[in-house]
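Please look over the structure shown here before reading the notes. They are meant for a reader who is new to it.

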Amino acid sequence: MGIVVYNTLSRQYEEFEPIEEGHVKIYVCGITPYDSSHIGHARPGVFWDVVRRYLLYKGYKVTFVTNFTDIEDKIIKRSQETGIPFMEIAEKYSREYIDAMDKLGVKRADAYPRASEVIPEIIEMVEGLIEKGYAYESSGDVYFRTERFQDYGALSGKNLDELMPGARVQVSGLKESSLDFALWKAADKDEPGWESPWGWGRPGWHIECSVMVLKFLGPSIDMHGGGTELIFPHHENEIAQSEAFTGVKPYVKYWIHHEMLNLSGEKMSKSIGNVLSLTHILETHDPMAVRLYLLSAHRRKILEYSEELLQSAEKGWNRIETCVENATKFLLDPDAQGLSDPTMLIEGIGKCEKEFFQAMDYDFNTPGAIAAVFDLVTAINSHIVTTGATTSDEFGRQKVGEAYALLIQCLGILGLTPRILSTLPGTREAQGDDVSQDLLKILVDMRDAARKAKDFETADYIRERLSHLGFVLEDTSSGTKVRIGK
RNA sequence: GGCGACAUAGCCAAGUGGUAAGGCAGGGGUCUGCAAAACCCUUAUCCCCGGUUCGAAUCCGGGUGUCGCCUCCA
């Protein structure tokens, strides 16, 4: 059974099969870097990162491209207000976005093209569309002749007759039809722009994506992503331009849109003003918990934002991390004891194996996959942490190893990295040096001695002080354990 | 007004016609000097009304509500 995806174009679930065998080409509409990103922008970043990781796991070669729209009215406006060159503004916020993605564990794209880098190609496509009769020049603007393109409206489920009355407010007398959209916009000489066959100007909003897809991925790609808000007109127009220009259908085989992130029932959006800075959230919360939160709803469902939801994700993530930590220590300690009967653990492994991949196969159902991970966490914990652990036999240890490997694999596909994996001895972020490790051990030993002597005041004092330094002490039946806290 | 999506426990959220996953919170218990971590038990007939079916949270029709798009927007 292969992967099934929900395609906006057909409004159905479809068996996924790349156009070119073994190679998946993906383009996702990126941000317009005129200001800092908000938490909503992180949703597609993380979702598509999981898609990439899963396709790689499945053995596909994946080429992933996402753009920055660095020429746009709002950036230009900001540039005029601040006197800072528009390229500098765009670069600053693009950088900021990539930094945030890094923190969230998002793999870098194969290319991050900027609209300003593909001006010659844009001009070329616009010229081609004019030659083919799909576009016309008008006072330095160039418009796409929408009614010439037969399939217009197929993606958004609109037809031209319905659109006509809605678009009655004719903004520009330069267009043949109110439905026509700009491919190239004339600009004043003091505005940012480029020399073109139609004079000084800049590209329209939709054309850059068509050009970048063609340049970096080809005339026909497998997956195109973006928010549902972009279905019309942005993606509808992309299809029209691209297919009219290349003559190749389909421009995109699977249209994969994600729903918005809402704040108190409303789309988080700069124009509404209900935005929460992504950078700020990543500074005040564990990025991995944020990632878990972002994956906690299916991509086609609205995700509600609240501090409480983020906190609940943080607690859930904590449980996963603690489990990985406990299992790591269990496997490193030859004397660690587990349950003598590993039946439950074996069942847990089987269940997770089945359900995690089934969920991922069915339209990248990350909430379902996360549920499978939690089930496995419970199975592992029951075996190694529960009271009544009595044996350290080889078979049981082997099963813990299997469960551990599966857990790490699932987390890897979801892009969730527990801290312990980067703090294990030998890795460069290993906690502290040998001396401080020894000092820590001395303190723990002293505290244990105090506990034995029923001097709980001293014992609690040591635990309290160590917790401020980030070390969490836990007394278990097999001795005191030290965890690295947050 | 037109087009589209969604409606599942206190909150969040899976569910591909076969009899309701998972997380957080709450309650009860085990372990324990306390704490922490962990484990076990416990909390729903799926917005409403009809229909199809042996069987529907899942399919169809009609309501109601929420959100998105039709203007820049992940």
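Predicted model: local features only at pLDDT ≥ 70, side-chain atom pairs only at ≥ 80, totals over all residues.

Residues are numbered from 1 along each chain as its sequence is written, chains are lettered from A and ligands numbered from 1 in the order in which they are written, and side-chain values use heavy atoms, with hydrogens and water left out.

**Domains**
- Chain A is divided into domain 1 (4-132 + 144-160 + 207-294), domain 2 (307-423) and domain 3 (434-484); the bounds come from an automatic or database domain assignment.
- Between the C-alpha centres of domain 2 and domain 3 the distance is 27 Å.

**Sheet**
- An open sheet with antiparallel pairing holds 4 strands in the order β5-β6-β7-β8; strands (E, at least two residues) are DSSP runs, numbered from the N terminus, and two of them pair if DSSP finds at least two bridges between them.
- Its edge strands, β5 (135-138) and β8 (201-203), each pair on one side only.
- From one strand to the next, the twist averages 20 degrees, with axes fitted as lines to C-alpha atoms and angles running from 0 to 180 degrees between N-to-C directions.
- β5 is joined to the antiparallel strand β6 (residues 141-144) by 4 bridges.
- Y136 stands opposite Y143 in β6.

**Surface patch**
- V435, L439, I442, L443 and M446 make a nonpolar surface patch of about 460 Å².
- Accessible areas come from the Shrake-Rupley method with a 1.4 Å probe, and for residues only the protein chains shown count as cover.
- V435 lies in helix α15 (residues 434-452); helices (H or I, at least four residues) are also DSSP runs.
- V435 has a relative accessible area of 56%, so this residue counts as exposed (over 50%; buried is under 20%, partly exposed in between).

Key: Patch = residues over 30% accessible without salt bridge, like charges linked within 9 Å, V, L, I, M, F, W, Y side chains within 5 Å. Salt bridge = Lys/Arg side-chain N within 4 Å of Asp/Glu carboxyl O. Buried < 20%, exposed > 50% of the residue type's maximum accessible area, 1.4 Å probe, protein only.
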